[in-house]
Amino acid sequence: MLLPPSQQLAAPGKWPVVGERAPGPGPQAWTLTVVNAGGHARTWSFEALRSLRYVRRKIDIHCVTRWSQPGMEFGGVLLRAVLGDAATSTGFISFVARSERGHSTSLPLAEALALDTLLAWEANGEPLATPHGGPLRAIVPGRYFYKSLKWLERIELLAEDRLGYWEATAGYHNHADPALEQRYLASTLDRHEAARLLAVRDFSGRDLRGIDAHGHDLAGLNARGAVLRDADFRGCRLDGACFDGANLSNARLAGASLRGASFQNADLEGADFSAADVRGADFRGASLFGATFAPLDAEGRIDLALRAQWDASTRFDLARLADLMPAQRAAFGAIEPRRD
Ligand SMILES: Nc1nc2c(c(=O)[nH]1)N[C@H]1C(S)=C(S)[C@@H](COP(=O)(O)O)O[C@H]1N2
Ligand SMILES: [Mo]
């Protein structure tokens, strides 16, 4: 399989739980309500869904945080079969979860149908586990996995699009095509405000996603709890910086000097640390799915010259290192991170 750009293979069978971990409260028996464009609702029992034609599909999962799990086999029914006559080529479809925060995601209806969207209750021959969206989730092949909604309880057909949870609150791209790397929207950060924050080196608690800081001297930066998704810190001096609890998913830190920087409990999914100096840095409690510490060439081989500089003073939870893609783990070879 050809991986989409900047994706890495997850270890075989590894399938991390991302986002919400459990559905919201509700009745014991799961139902699915479909509201058509005219506002007419039809509620399906699980048994009624199961009476439709059962299909199994092999699907490649591509998470926006740069890990992929190809060839997952999902079982369920096609969206097309559930929609029947309502499966027109106009308008939008919103998938709504039974979830505390009313999680949802949407697609153009024609696209959801053309992609052979599945409503699934099985994964690799087993009932879909609750943290992965059981008893029922949408599986949208060919889109980043945030378009595949867990705990599907309601489908709404709409004339106008209604942005989903991640798309509306976190700047996730609404089209989400991995082949086109449609991960996040461009930042809307004001240039002057960005320059002021860079000068005072205080990002704590701020939402600065997508900030372009590359090449700046930000030694000692306070970025505790900041939202720095997709931020550009390439080549920065960030020695002694504090990123504790910050969200740095997909941030670019290649070539940065990060000696003694702290990333405790930070979200580093998909972050790029190629050729960064992380001696003395503290990664305890940080989430590392899809993080890169050495870039791979087209054949999937590690480029040792661009490996992050890491030594016995770099602190990691050994358990969290298992989150790294196998090729990334291998990049560290014999170097043993410090145990606590
Ligand atoms: N209800 C619900 N569905 C959701 C999410 C969520 O937070 N809530 N997160 C999305 C994201 S960002 C991803 S990557 C996948 C993760 O699915 P998994 O936990 O089964 O790997 O679910 C998607 N569907
Ligand atoms: Mo995701």
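**Close-up views of a predicted model**

**View 1. Strand β8 and its partner β5.** Strand β5 (residues 67–78) pairs with β8 in the antiparallel sense, over five bridges. Here strands are DSSP runs (E, at least two residues), numbered from the N terminus, and two strands pair if DSSP finds at least two bridges between them. Across this pairing, valine 77 stands opposite leucine 119 in β8. Before we go on, a word on what you are looking at: this is a predicted model, in which local features need pLDDT of at least 70 and side-chain atom pairs count only at pLDDT 80 or more, while totals for chains, interfaces and linings use all residues. Residues are numbered from 1 along each chain as its sequence is written, chains are lettered from A and ligands numbered from 1 in the order in which they are written, and side-chain values use heavy atoms, with hydrogens and water left out.

View 2. Is strand β8 (residues 118–123) buried or exposed? Six of its six residues are buried, so the rest of the structure largely encloses β8; buried means under 20% relative accessible area, exposed over 50% and partly exposed in between (1.4 Å probe, protein chains only). β8 also pairs with strand β10 (residues 137–139), antiparallel over three bridges, and there alanine 120 stands opposite arginine 137.

**View 3. The hairpin of β8 and β9.** Two bridges join β8 to strand β9 (residues 126–127), and the two run antiparallel. Glutamate 122 stands opposite proline 127 in β9. Two residues lie between the strands of this hairpin, where asparagine 124 takes a positive phi near 50°.

**View 4. Ligand 1 and its shell.** Around ligand 1 there are 19 residues, and the closest are Pro16, Glu20, His132, Arg137 and Lys150; a residue is near a molecule if one of its heavy atoms lies within 4 Å of it. The shell divides into 11 nonpolar, four polar and four charged residues. An oxygen atom of ligand 1 is 2.8 Å from an N or O atom in the side chain of lysine 150. A nitrogen atom of ligand 1 is 3.4 Å from an N or O atom in the side chain of tryptophan 166. The protein covers 99% of the 540 Å² of accessible area that ligand 1 has on its own (Shrake-Rupley method, 1.4 Å probe).

**View 5. An open sheet of five strands.** The strand order is β3-β2-β11-β6-β7, with mixed pairing. β3 (41–45) and β7 (104–108) are the edge strands, each pairing on one side only. Strand β2 (residues 31–35) runs antiparallel to β3, joined by five bridges, and threonine 33 stands opposite threonine 43 in β3.

Terms used: Helices (H or I, at least four residues) and strands (E, at least two) are DSSP runs, numbered from the N terminus. A polar contact is a pair of N or O atoms within 3.5 Å; within protein, one must be able to donate a hydrogen and the other to accept it, and residues adjacent in sequence count only if both atoms are side-chain atoms. Ala, Val, Leu, Ile, Met, Phe, Trp, Tyr, Cys and Pro count as nonpolar, Asp, Glu, Lys and Arg as charged, and the others, Gly among them, as polar.
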